[in-house]
Amino acid sequence: MLSAVSLLVVFFFLGIIPITFGLLIRIFVNQSPNRRIYSQSFTFGIVIAFFLDFVINSSQLGINSGFSISSLLLVSSFIFGFLSSYFINEFTRLKSSFSYVFIISFTIAYHSLAEGLIIGYDINQLGLYISVERSIQLFSFLSHKIAEGFIIPGFFLLSISQLLSFATIASFPIIIGYFLGAYNFPGIISSIFFAISSGGLMFLIVNWTAYIKTTPNQKNYHFLFMLLGFLLIYIAGLLHSL
């Protein structure tokens, strides 16, 4: 079990710092209207890749388990994530910027819970040590967290204090997840949180036209940057599997 100081280090190094770094990159990019449009296309590709990643990590929503308690629990979690995003969108629809940022922070928060569970279980079983394999996996993990920070602001011009608040919301559950993992909670718990996250992202994907507008001249670039965003997360995932 990590000490309180070590937990804070984990929280800042694996959560706040990389997500904030991604946020700052996006804040800089959003200063230009053209870059803002293309970065949102890039974000769409990242969101699609995250969605596929989360579905896979949710034990594919239990689809290979047949009609069972686990498959019912996982698909119910997916529905919860989707409907929660829908209601967030409805309650904040007069402020579309907050609608998007609330939903993306909500989905990343559940994802962070699942990641914290895996980290807690891993450290509890294997301890802390440095190896080439773990270093590559750490690089992949931090790349994912930077990408999460990058997609939080969308193309909206929110204040830095607002964005940092959402970054904290998105990353703080890592600590909660760590405690669950350290106390050997069942593995399906992480699958539940991945399922909730994938449901939230599913709503964003089907509702994406509310968050991005492109002109005919920008359309080709939209698809190119969307593909680049997807490939970024795909390559980071390949590194994590080494």
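Buried means under 20% relative accessible area, exposed means over 50%, and partly exposed is whatever falls in between (1.4 Å probe, protein chains only). Keep that handy for this tour of a predicted model, where local features need pLDDT of at least 70, side-chain atom pairs count only at pLDDT 80 or more, and totals for chains, interfaces and linings use all residues. Residues are numbered from 1 along each chain as its sequence is written, and side-chain values use heavy atoms, with hydrogens and water left out.

Stop 1: Select L238, which sits in helix α9 (residues 219–240); helices here are DSSP runs of H or I, at least four residues long, numbered from the N terminus. L238 is partly exposed, at 41% relative accessible area.

**Stop 2: the rings.** Rings of Phe, Tyr and Trp (its six-membered ring) pair if their centres lie within 6.5 Å; planes under 30 degrees apart count as stacked, over 60 as edge-to-face and the rest as tilted. By this rule there are 12 aromatic pairs. Show Y38 and F225: their ring centres are 5.4 Å apart and their planes at 10°, so they are stacked. Y38 belongs to helix α2 (residues 33–57) and F225 to helix α9, so this pair ties together parts 187 residues apart in sequence. F225 is partly exposed, at 26%.

Next, pick F50 and F54, another stacked pair, with centres 5.6 Å apart and planes at 10°. They are four residues apart in helix α2, about one helical turn, and both are buried.

**Stop 3: T20.** Go to helix α1 (residues 4–29) and select T20, which is buried at 16% relative accessible area. A polar atom of its side chain lies 2.6 Å from the backbone oxygen of I16. Beyond neighbours within four places in sequence, T20 is in contact (heavy atoms within 4.5 Å) with L164 and A167.

**Stop 4: helix α7.** Finish on residues 173–182: eight of the 10 are buried, so α7 is largely enclosed by the rest of the structure. Among the buried ones are P173, Y178 and A182. After α7 comes N184, with a positive phi near 55°.

How values were computed. Helix = DSSP H or I, 4+ residues; strand = E, 2+ residues; numbered from the N terminus. Polar contact = N/O pair within 3.5 Å; in protein donor to acceptor, adjacent residues only side chain to side chain.
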